[in-house]
Amino acid sequence: MGEKVVAGQFDLSDRQRYRGKLRQCLTGLERLLAEQRFDRPKNLMGLEIELNLVGSDGMPKMLNAQVLERIASRDFQTELAMFNLEVNIAPHRLGGRVFDRLAEEIRTSLAYADRKAGELAAGIVMIGILPTLDRDDLVSSNLSEVDRYTLLNDQIVAARGEDFRLDIDGVEHLTCTSRSIAPEAACTSVQLHLQVTPDRFAGVWNAAQAVAAAQIAVGANAPFLFGRELWRESRPPLFQQATDTRPPELQAQGVRPRTWFGERWISSAYDLFEENLRYFPALLPICDDEDPLEVLDAGGVPKLAELVLHNGTVYRWNRPVYDIADGVPHLRVENRVLPAGPTVTDVIANAAFYYGVVRALAEESRPVWTRLPFEAAAANFEAACRHGIDARFTWPRRGRYGGTTEVDAVSLVRDELLPLAEAGLDAWGIEPADRDLYLGVIDERCRRRVNGASWQSATFHRALEAGLSRQDALAATTRRYHELMRKGEPVHLWPVGLPEPVPLG
């Protein structure tokens, strides 16, 4: 959704023309795949991190335009609400000391942005959902002043035809309504990109779907919303409900939500783009002047602008991406599973685990997706969101007997997935010291059964036990989180609870 979209009204002819252009784009993509026009292997990865702006009291600050003006860097962009920013890290080649270099780049960028935010009495927090957000913060008047967000909100609201209903039943139960998509802005994530060749795309996407649950289990960092303790990773149910264009009747008919895990393993990137056209009406029927088939006939590379825009309004947890770099088209898998934070080290550890395990699983002789029903992968994902590091999964049984068994997330990660991630990082050519450092962070989280969500919850309950009110406990937890995030030690080393007050005199 990074396109420059100009707000306006759409009529029936706009939608009909857009549908026709989408079909042309899909035919163009099919031809590009058949003609093998895509980029050769480059082992390129990239990442984006969504951020929150908070004051010294731990409360959100609606200041992103002013902070971005001070940062004055194209690496930083607006996000949906005025308390959000996003930082984009340039693509890197997987190999060598890439994770240490990424960590240093992110630390430098965030420290600079934090200093600039400090000029406005604000700071930057990496977290899945800011615990201090209130319903009054997530209203349409706090959406960023960017045409594409206004237009997207208007179109989703119009498609739904009534207020959005949030209903998340976890440790506590939250039910409320919203007149806009603003609650989506509470979800701040890390997006991991991996450029892949068409022949490897399906294997990488299937592998990413299979391990999405494990990513959430070890990385969950969003247990609170609107003062309630919900799921360990509350972003997925919140995101789905806050963007749901389906009124209850369409939900009851089984119409698919736009925020979607999917329903099947794939054999080609084409499958995903084709599904997006078949299942989801256009939200932003904005047509480009390009005729993609004429461009192909002339030997050129089409932008497929309508397909790219439509794809950006279907929120798969592993999204296919078509893009062009240096005049050559390429495909990427965009992994959107992980929450932001808690620290740069944790973010890089999550990335190392993902890139390693996906490489290894995609190259197995008996791939996991041939042994695991897709429905089980989807159920694992929900279990991980609900229970975090304490989740239990269905997973293929090891050995020659086949079938599946139930296993706790920690055992699966430590016994099976971390060794695979190690082999995958070796295959990428990652320096062993970096591999061991960052996979060691994942192993320690599992050994101690600690992630960002468990730390937030435990610290919040300690604050309640110390006599703080619920709102004060959430604010104190947020301030302590911000303090420890800045210090940079990974979350499994964070002491639970609030610091003891310093005696006076």
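Which residues lie nearest the centre of the second largest pocket? In this predicted model, for which local features require pLDDT of at least 70, side-chain atom pairs count only at pLDDT 80 or more, and totals for chains, interfaces and linings use all residues, they are Gln-240, Arg-246, Pro-257, Thr-259 and Glu-382, out of 24 lining residues. Residues are numbered from 1 along each chain as its sequence is written, and side-chain values rest on heavy atoms, with hydrogens and water left out.

Pockets and cavities were located on a 1 Å grid over the protein atoms alone: a pocket is an open set of points with protein on both sides within 12 Å along at least five of seven lines, a cavity is a set where a 1.4 Å probe fits but cannot get out, and lining residues have an atom within 4 Å of a point. Points are joined across faces, edges and corners, and a volume is the space filled by probe spheres set on them. At least two lining residues come from each of helix 6 (235-242), helix 7 (248-252), strand 10 (259-260) and helix 12 (374-387), where helices (H or I, at least four residues) and strands (E, at least two) are DSSP runs numbered from the N terminus. Helix 12 gives the most, with 5 residues. The lining is made up of 11 nonpolar, 5 polar and 8 charged residues; here Ala, Val, Leu, Ile, Met, Phe, Trp, Tyr, Cys and Pro count as nonpolar, Asp, Glu, Lys and Arg as charged, and the others, Gly among them, as polar.

The structure holds 1 cavity of 30 Å³ or more, and the volume of the largest cavity is about 40 Å³. Its lining consists of Leu-361, Glu-364, Val-368, Arg-371, Trp-395, Glu-416 and Leu-420. By class, the lining of the largest cavity comprises 4 nonpolar, no polar and 3 charged residues.

Side chains of opposite charge can pair when their charged atoms come close. In total, 40 salt bridges were found in the whole structure, each defined as a side-chain nitrogen of Lys or Arg within 4 Å of a carboxyl oxygen of Asp or Glu. One of them joins Arg-445 to Asp-346, with the closest N and O atoms 3.2 Å apart. This pair connects distant parts of the chain, since Arg-445 belongs to helix 14 (residues 432-448) and Asp-346 to helix 11 (residues 344-362), 99 residues apart. Arg-445 is buried at 2% relative accessibility, and Asp-346 is buried at 0%; buried denotes under 20% relative accessible area, exposed over 50%, and partly exposed the range in between (1.4 Å probe, protein chains only).

Arg-264 and Asp-271 also form a salt bridge, at 4.0 Å from N to O. In this pair Asp-271 is buried, with a relative accessible area of 13%, whereas Arg-264 is partly exposed at 31%. A further salt bridge links Arg-37 and Glu-35, whose closest N and O atoms are 3.4 Å apart. Arg-37 is partly exposed at 23% relative accessible area, as is Glu-35 at 39%. Both residues belong to a network of salt bridges that includes Arg-31 and Asp-297.

The largest nonpolar core contains 154 residues, of which Ile-49, Phe-99, Phe-353 and Tyr-355 touch the most other members. A nonpolar core is a set of buried Ala, Val, Leu, Ile, Met, Phe, Trp, Tyr and Cys residues joined through side-chain atoms within 4.5 Å. Helix 5 (residues 198-219) supplies the largest share of this core, 14 residues. Excluding residues up to four places away in sequence, Tyr-355 is in contact with Met-45, Gly-46, Leu-94, Phe-99, Leu-192, His-193, Leu-194, Leu-425 and Trp-428 (contact: heavy atoms within 4.5 Å). Another core, of 5 residues, lies apart from the largest one and includes Phe-224, Phe-460, Ala-463 and Leu-474.

Several backbone features occur in loops. Gly-341 and Pro-342 are joined by a cis peptide bond with omega of about -5 degrees, and Pro-342 is located in the loop between strand 13 (328-339) and helix 11. Ala-72, a residue other than glycine, has a positive phi near 50 degrees. Ala-72 lies in the loop between helix 2 (64-71) and strand 2 (76-78) and is exposed at 64% relative accessibility. A positive phi of about 60 degrees is also found at Ala-121, in the loop between helix 3 (98-118) and strand 4 (123-125).
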